[in-house]
Amino acid sequence: MKAAVLNAPQTPLSIEELTLDKPGPTEAVIRVIAAGVCHSDLHFIEGTYPTRHPAVLGHEVAGVVSEVGSAVTNVSPGDRVIIGFVQPCGHCADCDSGRPNLCSQGAPRRESPGLMRDGEAVTQMANVGGFAEYVITYASGLVKVADDISLEIAALVGCSVMTGYGAVVNTAGVTPGSTVAVIGAGGVGLNIIQAAALAGAEKVIAVDMVEHKLTTARDFGATDVIDAGDGDPVAKLQELTGGGVDFAFEAIGLKVTAEQAYQMAKRGGTAVVVGMVPPMDKIEVSGMIWLEEKTLKGSFYGGARFHRDMPNILNLYRQGKLNLDGLVTRRYKLEEINEAFDALKNGEVTRSVLAIGIE
Ligand SMILES: [Zn+2]
Ligand SMILES: [Zn+2]
């Protein structure tokens, strides 16, 4: 099968022929229909986050199950699925306490590589590796999708929508009448914005340096916008709100914007870091945290309870309460993947989707 392979950091992806193993007892093979092009993939291409090479990236994926292992009961061949990039074990303390996104066990590891190039193991990002015609992964990460939802939309729910919506609903618990700031109005940020608006926030303030992203943010429910390229965004936000917001979200993945999120939270407020801040960076906060009673939290995969949250999100979309169609700005073929990443780097798109297979 064809896949886009990363052979070294800071090099273009190359389309190559790879082979898949047969699924183990708890695994499934999925024919990929659509894969979103996400900033998290870019972190691995740019080398901000390490990975073993060769690697297939792609973790925002939906497709059709083509084969399942002997012990798989949650999906069958022909099922349309979102491929979750965490595959929870279902029985550890984290899974048991309703935090499967933090599952410490994971699904049982296979002994031989699932994906190979001429006998050499190929890393699959997050056990997914969706920039490919097929994915072999643990079935516990698969969430079924009803027939009335396109797999392009379902793919987005696999990362950016779940991450943004979940950061609001699960991690922060945004309340009606509260004030919210969102730094970064990209694929994840727009979902934070629309989920905060849906949760009844009185003010949803989008902060970005790209003008057209601020315009889009208004379409997704931002009540106010701050151009971070023109003066100090923290001072502007404090002026606009009279001292800060109840909830500030960082959706870019930088030390400086994580610190700004903390500064934007008012006394008693909460800052939530959603973006992939480089692992060696330190986020510095004021020693007055005790007096101000501020909370600084991380949010991974929107604190997803996959089998509850993803169908809920799709239901809100069906009811017209979440705008997921508006997230897709461009479509590319798998062969055009490097162009899609260039467009992402240049801030041209909200979300590009690779149309890899046909249903
Ligand atoms: Zn992602
Ligand atoms: Zn677990």
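1. Six strands form an open sheet in the order E15-E14-E13-E16-E17-E18, with parallel pairing. At its edges stand strand E15 (224-227) and strand E18 (295-298); each has a single partner strand, so one side of each is left without a neighbour in the sheet. On average, and with direction ignored, neighbouring strands of this sheet are turned by 20 degrees against each other. The model is a predicted one, and every remark below should be read with that in mind.

2. Within the sheet, strand E13 (residues 179-183) and strand E16 (residues 245-250) run parallel and are joined by four bridges. Val182 stands opposite Phe249 of E16. Both residues come up again in the next point.

3. The largest nonpolar core has 122 residues, and those that touch the most other members are Ala62, Ala181, Val182, Ile193, Ala196, Phe249 and Leu354. The element that gives the most to this core is helix H3 (residues 151-172), with 13 residues. At least three residues come from each of domain 1 (2-144 + 324-355) and domain 2 (165-300). As general background, nonpolar side chains in soluble globular proteins tend to be buried together.

4. Ala62 deserves a separate entry. Leaving aside residues up to four places away in sequence, Ala62 touches Ile33, Ala34, Val81, Ile82, Ile83, Val145, Leu151, Ala154, Ala155 and Gly158. Helix H3 spans residues 151-172, and the residues touched by Ala62 include Leu151, Ala154, Ala155 and Gly158.

5. How many of the residues of helix H7 (residues 255-264) are buried? Seven of the 10 are, so H7 is largely enclosed by the rest of the structure. The buried residues are Thr257, Ala258, Glu259, Gln260, Ala261, Tyr262 and Met264. Their cover includes helix H6 (233-241) as well as E13, E16, strand E17 (265-273) and E18. E13, E16, E17 and E18 also belong to the six-stranded sheet of the opening point.

6. For the chain as a whole, there are 10 helices and 20 strands. The radius of gyration is 20 Å, close to the 21 Å that the globule rule gives for 359 residues, so the chain is as compact as a globular protein of that length. The C-alpha trace spans about 60 × 40 × 40 Å along its principal axes.

7. Buried residues make up 52% of the 359 in the chain. Of the contacts with a separation of 6 or more, 70% are between residues 24 or more positions apart.

Technical notes: Residues are numbered from 1 along each chain as its sequence is written. Chains are lettered from A and ligands numbered from 1 in the order in which they are written. This is a predicted model: local features need pLDDT of at least 70, side-chain atom pairs count only at pLDDT 80 or more; totals for chains, interfaces and linings use all residues. A nonpolar core is a set of buried Ala, Val, Leu, Ile, Met, Phe, Trp, Tyr and Cys residues joined through C-beta atoms within 7 Å. A residue is buried if 20 or more other C-beta atoms lie within 10 Å of its own, exposed if 12 or fewer, and partly exposed in between; C-beta atoms are placed from the backbone. Helices (H or I, at least four residues) and strands (E, at least two) are DSSP runs, numbered from the N terminus. Domain bounds come from an automatic or database domain assignment. Two residues are in contact if their C-beta atoms, placed from the backbone, lie within 7 Å. Two strands pair if DSSP finds at least two bridges between them. Axes are lines fitted to C-alpha atoms, for helices over the stretch in contact, and angles run from 0 to 180 degrees between N-to-C directions. The radius of gyration is taken over C-alpha atoms; the globule rule is 2.2 Å times the number of residues to the power 0.38.
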